[in-house]
Amino acid sequence: MKAKFALRAITQATCPCAMAALLAATLAVLIDLFLRFSDYRALLHVLPAAGTVEFSGALTLVFLQVVALFYLILLLPRILRTGVLLLCAFVVVVQFSYWLTLSQFMTATDLFLGISVGGDHRTEAVSSFFQPLVFLYALPCVLVLSALIPVPPVSNFRKALALSLLPALFLLASNYALFLHVPERSFHLNPLTSFLRSTLHHEFENLRKYRGPRDDLPAFQASQRPLDSIIYVIDESVRGSNLSLNGYPRATTPFLQSLEAGGLLKNLGICVAAGTFSYISNAYLITGHNAFPDDGFRTARNPTVFDYAKKMGYETIYIDIDHGYLSTLVKAAGDGPVRSLDRWMTDRSFEERHVDLEATKDLGIARFISRLLNERGGYFVVVNKKGLHFHYRNRYPDDEASAAWKPVMKASDPIDPGAAGREKLVNTYDNGIRFQVDEFFRVFVSETTNRNYVMLYTSDHGQTLAEQGQVYTHMKPDEGIVDVPGFLVSGERYGRKGLLAGIPYGIRVSHLNNFATLLDLMGVPLSLRVRPYDKSIFSLTAGDNRARTYMSGSLHGSGDYVVKTIPTPPAAGWGVSRPVRSGPEAP
Ligand SMILES: [Zn+2]
């Protein structure tokens with residue numbers, strides 16, 4: 001009798017909530033279909049490969065996820081439900097912001113980067129993404145959500161809890177199934193369930209992360225502290241083809257060209273970055289891993305470039321102004337030291353030393369390294385520069401001399417891919433290159449009196465500069481994004497000049513060649529090298545690197561990663577950039 005009563009109570013409570021959830025879910029999915037019609041049409045391309053059964057199975061699964069999520073929300077007491085719905089409205093706005101900018105909802109990688117990257121990158125990313133149009137897209141979805149407020153709640157808390165178990169379990173299990181079998185960017189019917197899916201995807205990915213120590217290097221004792229210093233500069237968002245050093249028609253890097261003319265710069269031409277955003281590129285650059293994606297967690301297991309430098313007797317310093325990759329490793333190390341790193345310096349370390357890096361940071365870093373070298377040799381320094389992360393207008397000072405090309409964007413302007421917008425975008429970017437790249441070297445070279453040094457320079461990735469109408473700067477797998485500079489600058493007293501003189505002509509360089517290049521510069525014996533690294537630039541030949549590989553998306557190959565190559569010869573237009581003239585005098 002009691003059981004019968006309980007069953008009736010449950011069905012009575014279940015039905016209105018379940019019916020409301022089903023109705024709201026159907027409505028929400030129809031709205032989504034209407035708003036993002038092109039995505040749904042593109043989804044149909046998956047059909048022939050997946051087969052009808054699997055395709056409709058996945059579709060049903062994600063539809064039921066929307067129902068389950070709405071049902072769970074309805075089980076909440078009204079006040080709590082209103083709070084959760086407000087949070088949901090916020091997520092919907094964020095999701096549509098992503099979609100309007102990148103034509104996709106957030107992925108687990110976006111989420112991971114959102115959590116791990118530095119604070120100002122986050123604000124800058126949000127402000128470059130944000131468009132008021134998003135509210136128009138979010139509105140219908142928010143209206144459906146608000147219709148859930150008046151539905152009568154389940155009065156008994158324990159009953160509500162019991163009813164929530166099955167849908168919660170379904171959401172967890174179905175998302176795990178999607179994690180294992182369905183590419184992360186397909187089958188999104190709703191911004192909220194998509195967000196939940198990315199969050200869980202990120203958690204599932206975390207579970208299988210490698211947490212052990214890095215591999216050790218064989219025993220070796222350097223006889224003494226080296227006399228030379230090696231500086232590895234990893235710039236931020238610098239596109240190789242916008243340097244006049246690489247043939248760009250505007251004089252963005254006159255100082256670098258004068259170094260080249262004087263025999264102090266070896267240009268490696270346009271190089272191919274390992275990834276289309278900082279995290280991936282840095283992971284490969286610091287650990288020398290050379291296969292894509294990193295499904296064996298080699299970027300977490302390989303010894304770092306610091307391990308080798310330390311073994312060879314260098315004092316190791318890491319200057320991290322960009323917080324793109326290693327800072328997350330340092331965070332993971334807690335308060336303990338990072339292996340083989342003598343000093344890890346961030347903006348705060350400079351503040352504590354009362355070193356003013358000024359607004360654009362990079363020139364302050366150049367001066368700091370100069371002072372360091374002028375005291376003594378034997379340093380190995382890695383710098384993650386501030387470079388040219390969007391907004392570009394914040395990357396050079398406000399004076400007339402720094403604005404060689406006009407008109408420029410305002411610091412708060414979002415990217416406008418129209419002709420006039422592109423003209424400003426490229427002008428602002430070029431002014432930034434002249435200041436953050438060319439001036440950086442001018443300050444460093446002219447202020448360094450201890451000239452037994454070599455500097456290897458590249459950028460983590462390039463920029464789209466809205467050439468194909470993109471409103472994003474990087475992150476997506478576009479070929480143009482991996483166009484980065486690569487060159488070596490040496491001081492007049494550099495001890496291994498002979499090595500630089502032997503760089504073969506006509507080589508094609510990728511980020512993957514940088515690791516062994518550094519080992520060669522340090523003089524690391526072959527017996528110490530524990531991984532099969534890609535060739536250094538000193539042993540590359542014109543026949544190597546016929547295809548240069550890079551990746552985008554999830555570093556460890558779960559979910560949505562993309563591996564692509566830049567062939568030889570590259571597609572027309574790759575590695576070439578041009579200023580934009582939108583006015584009537586345009587040629
Ligand atoms: Zn970057």
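# Helices around α10

Helices α6 and α10 are roughly perpendicular to each other. Angles under 35 degrees count as roughly parallel, over 145 as roughly antiparallel, 65 to 115 as roughly perpendicular, and the rest as oblique. Helices (H or I, at least four residues) and strands (E, at least two) are DSSP runs, numbered from the N terminus.

This is a predicted model: local features need pLDDT of at least 70, side-chain atom pairs count only at pLDDT 80 or more, and totals for chains, interfaces and linings use all residues. Residues are numbered from 1 along each chain as its sequence is written.

Start with the angle itself. Two packed helices are described by the angle between their axes and the distance between the axes. Helix α6 covers residues 108-116, and α10 covers residues 191-207. Their axes lie 8 Å apart, at an angle of about 75°. Axes are lines fitted to C-alpha atoms, for helices over the stretch in contact, and angles run from 0 to 180 degrees between N-to-C directions. On the α6 side, Ala108, Leu111 and Phe112 make the contact. On the α10 side, the residues are Ser198, Thr199, His201, His202 and Glu205. Two residues are in contact if their C-beta atoms, placed from the backbone, lie within 7 Å. Three residues of this contact are nonpolar, four are polar and one is charged. Here Ala, Val, Leu, Ile, Met, Phe, Trp, Tyr, Cys and Pro count as nonpolar, Asp, Glu, Lys and Arg as charged, and the others, Gly among them, as polar.

Now turn to α4, residues 52-75. Its axis and that of α10 are 9 Å apart, at an angle of about 100°. That makes α4 roughly perpendicular to α10. Val62, Gln65, Val66 and Leu69 of α4 meet Leu192, Thr193 and Leu196 of α10. Five of the residues in this contact are nonpolar, two are polar and none is charged.

Helix α9, residues 157-181, also packs on α10. The two axes come within 10 Å and cross at roughly 70°. So α9 is roughly perpendicular to α10. From α9 come Leu171, Asn175, Tyr176, Leu178 and Phe179. From α10 come Leu196, Arg197, Leu200, His201 and Phe204. By class, seven residues are nonpolar, two are polar and one is charged.

Step back to the whole protein. It has 20 helices and nine strands. The domain assignment gives domain 1 (2-207) and domain 2 (229-394 + 436-567). Such bounds come from an automatic or database domain assignment. Taken over C-alpha atoms, the centres of the two domains are 40 Å apart. The C-alpha trace spans about 95 × 65 × 50 Å along its principal axes. Of contacts between residues at least 6 apart in sequence, 79% join residues at least 24 apart. Of the 587 residues, 44% count as buried. A residue is buried if 20 or more other C-beta atoms lie within 10 Å of its own, exposed if 12 or fewer, and partly exposed in between; C-beta atoms are placed from the backbone.

Helix α20, residues 514-522, is mostly covered. Eight of its nine residues are buried. They are Asn514, Phe515, Ala516, Thr517, Leu518, Leu519, Leu521 and Met522. These buried residues pack against β1 (229-235), α12 (278-287), α14 (305-311) and β6 (453-459). Just after α20, Gly523 takes a positive phi of about 75°.

Next come some backbone details. Most residues other than glycine have a negative phi, and most peptide bonds are trans. Ser237 is not a glycine, yet its phi is positive, about 60°. Ser237 sits in the loop between β1 and α11 (254-261). With 27 other C-beta atoms within 10 Å, Ser237 is buried. Ser340 also has a positive phi, near 65°. Its place is the loop between α15 (326-332) and β4 (343-345). Ser340 is buried, with 20 other C-beta atoms within 10 Å.

One runs from Phe390 to His391, with omega near 5°. His391 lies in the loop between β5 (379-384) and α18 (419-447). Another joins Thr568 and Pro569, with omega about -5°. Pro569 is in the segment after β9 (561-567).

Finish at Ala547, in strand β8 (residues 547-553). With 13 C-beta neighbours inside 10 Å, Ala547 counts as partly exposed. Leaving aside neighbours within four places in sequence, Ala547 is in contact with Thr565, Pro567 and Thr568.
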